[in-house]
Amino acid sequence: MPPGRWLVPVAAGGKPAPALGPFGGSVAFAAASTEAGPARRRVVVLGATGSIGVSCLDVIAHLGDRLQAVGLSAHSSGDALLEQARRCQPRWITLTDPEAARRCDRAALDGCELLVGADGIQKMVTHPDVDVVVTAIVGAAGLHGTWAALEAGKTVAVANKETLVMAGPLVMDLAQRQGGRLLPVDSEHSAVFQALASGRASEVARVVLTGSGGPFRGKTTAQLANVTVDEALRHPTWRMGPKITVDSATLMNKALEIIEARWLFGLPAEKIEVIIHPESVIHSFVEFTDGSVLAQLSPPDMRLPIQYALTWPERVSGPTRRLDWRELSCWRFEQPDRETFPALDLGHEVARRGGTCGAVLNAANEAAVGRFLNGSLRFLDIARVCRAVLDQHNYSARPTLSELTAVDAWARQEADRWTH
Ligand code: NAD
Ligand code: MG
């Protein structure tokens with residue numbers, strides 16, 4: 001491949017070609033430049049109105065010569081989605097909530113097609129004119145769009161970690177079979193993905209995921225007994241949607257990321273560790289068998305990992321601020337407090353056991369976080385509920401997708417029954 005040319009994924013004569021890079025399915029990359037310049041990558045953004053979705057559209061706006069938003073989805077925020085459609089001029093928008101679609105002002109569509117529900121997502125992510133799908137829907141609701149895109153052999157930039165937590169082995173297998181590819185958007189996994197390019201999978205001694213420690217770093221269990229929703233939503237370094245912000249406060253986010261790394265990179269659970277790094281500048285590191293450690297560093301801004309997933313394997317100048325090396329003073333590291341934040345151990349355990357555990361943990365956590373946010377569960381009970389539901393469940397080692405959907409529903413019901 002000539003260096004410096006714009007590359008887009010294409011199936012190699014319908015047959016799988018050798019994978020580029022260590023992870024993902026078999027995709028050949030062919031130059032798609034024309035005399036007029038490089039072809040623009042056509043992007044569908046699922047969950048466009050959320051924190052990741054908005055950052056993603058900002059990246060696309062800055063890189064308009066390379067990227068084009070052709071489809072956007074939101075659940076019920078019809079006005080916000082219409083405003084995004086006015087600015088980006090996509091071909092389709094989808095509102096997954098039919099009631100929101102009914103209320104939508106069709107006169108404001110301006111040539112763009114309004115689609116509704118899961119069928120709308122399906123139509124957008126499988127369309128032959130789409131190159132990349134960004135999955136930025138929150139929670140298990142993101143599984144369907146990721147699955148449909150991979151079934152169609154698309155490249156998926158995956159922010160929705162819950163999909164991998166719930167069904168990692170099935171999702172990775174689907175990507176492999178259909179010639180699709182998963183590229184990480186989560187900042188830690190993007191860092192690991194970049195560091196892994198320096199060696200072979202067999203040369204990885206360990207992967208260390210960094211975490212800020214969240215708003216309650218340094219607190220004791222007693223101090224966390226009565227924390228409020230507002231306090232849990234005050235994250236020190238990242239501005240994110242409410243669910244992942246609460247996950248960051250319990251450290252469940254890091255637990256989910258251990259499981260995400262386990263499946264995305266095919267690493268044994270024992271090789272994945274976590275360290276607290278409050279400044280959120282070092283986004284993770286990989287230690288190789290010779291003792292060399294490679295890390296990826298940048299200011300905490302999700303637009304950079306999003307951009308890397310969208311322009312991969314190329315690097316281009318984008319909208320994010322750079323590290324100012326003259327202003328750096330010190331970076332801190334601490335071991336996580338596993339007693340105060342027991343969610344973290346659930347991540348290691350579930351990554352080790354696999355099977356139905358990921359779907360159960362994810363669903364119990366989603367239900368518990370929902371209840372904490374609506375005031376019907378205390379902060380410390382989130383991890384307790386997850387532990388109890390996980391312990392009660394009927395483990396199965398090789399579940400099908402429909403079995404995972406069933407245990408997801410069961411775990412939510414169990415979590416909703418919890419009282420202290
Ligand atoms: P968010 O709450 O800000 O946005 C969620 C988006 O999903 C919105 O567009 C919403 O309309 C849509 N949505 C919500 N419920 C839906 C449903 N039932 N069906 C279809 N669409 C639905 O969330 P976020 O912070 O942007 O996070 C999105 C995903 O990215 C999560 O999986 C999160 O773990 C992951 N992630 C986020 C960040 C971050 O910085 N925000 C970083 C890493 C990973
Ligand atoms: Mg992360």
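Reader: What spacing do the donors of the magnesium ion (ligand 2) follow along the chain?

Author: The donors of the magnesium ion (ligand 2) follow the spacing D-x1-E-x68-E. They belong to Asp186 (OD), Glu188 (OE) and Glu257 (OE).

Reader: What makes these atoms donors of the magnesium ion (ligand 2)?

Author: Donors are N, O and S atoms within 2.8 Å of the metal, or 3.2 Å for Na, K and Ca. The atoms of Asp186, Glu188 and Glu257 coordinate the magnesium ion at 2.1 to 2.3 Å, so they count as donors under that cut-off. Water is not among the atoms, so sites may look incomplete.

Reader: What kind of model is this, and how are its parts numbered?

Author: This is a predicted model, in which local features need pLDDT of at least 70, side-chain atom pairs count only at pLDDT 80 or more, and totals for chains, interfaces and linings use all residues. Residues are numbered from 1 along each chain as its sequence is written, chains are lettered from A and ligands numbered from 1 in the order in which they are written, and side-chain values use heavy atoms, with hydrogens and water left out.

Reader: Why is leucine 196 called buried?

Author: Buried means under 20% relative accessible area, exposed over 50%, and partly exposed in between (1.4 Å probe, protein chains only). Leucine 196 has a relative accessible area of 3%, so it is buried. This leucine is found in helix H7 (residues 187–196); helices (H or I, at least four residues) and strands (E, at least two) are DSSP runs, numbered from the N terminus. Aspartate 186 and glutamate 188 are buried too.

Reader: Is methionine 172 buried or exposed, and how do you know?

Author: Methionine 172 has a relative accessible area of 16%, so it is buried. It is found in helix H6. The C-alpha atoms of methionine 172 and tryptophan 263 are separated by 7.2 Å, with the two residues 91 apart along the chain.

Reader: What is the phi of aspartate 110, and is this residue buried or exposed?

Author: Phi of aspartate 110 is near 55°, a positive value in a residue other than glycine. At a relative accessible area of 57%, aspartate 110 is exposed. It is found in the loop between helix H3 (98–103) and strand S6 (113–116).

Reader: And serine 280: buried or exposed?

Author: Serine 280 has 5% relative accessibility, so it counts as buried. Its phi is near 55°, again a positive value in a residue other than glycine. Serine 280 is found in the loop between strand S11 (272–276) and strand S12 (282–288).

Reader: Why is helix H5 said to be largely enclosed?

Author: Seven of the nine residues of helix H5 (residues 143–151) are buried, so the helix is largely enclosed by the rest of the structure. Among them are Leu143, Trp147 and Leu150. Just after H5, glycine 153 takes a positive phi of about 75°.

Reader: How do you know that H12 is largely enclosed?

Author: Eight of the nine residues of H12 are buried, so H12 is largely enclosed by the rest of the structure. Arg303, Ile306 and Tyr308 are among the buried ones. Proline 313 is found in the loop between helix H12 (303–311) and helix H13 (343–353), and the peptide bond from tryptophan 312 to proline 313 is cis, with omega near 10°.

Reader: Which residues of helix H2 are buried, and why are they said to line one face?

Author: In helix H2 (residues 78–88), Gly78, Leu81, Leu82, Gln84 and Ala85 are buried. Seen down the axis of H2, they fall within an arc of 160°, so they line one face of the helix. The arc is that of the directions from the helix axis to the C-beta atoms. The face turned away from the buried side carries the exposed residues Asp79 and Arg87.

Reader: Which residues are closest to ligand 1?

Author: The closest are Thr49, Ser51, Ile52, Glu162 and Gly241, out of 23 residues that surround ligand 1. A residue is near a molecule if one of its heavy atoms lies within 4 Å of it.

Reader: What makes the pair between serine 51 and ligand 1 a polar contact?

Author: A polar contact is a pair of N or O atoms within 3.5 Å; within protein, one must be able to donate a hydrogen and the other to accept it, and residues adjacent in sequence count only if both atoms are side-chain atoms. A polar backbone atom of serine 51 is 2.9 Å from an oxygen atom of ligand 1, so the pair meets the cut-off.
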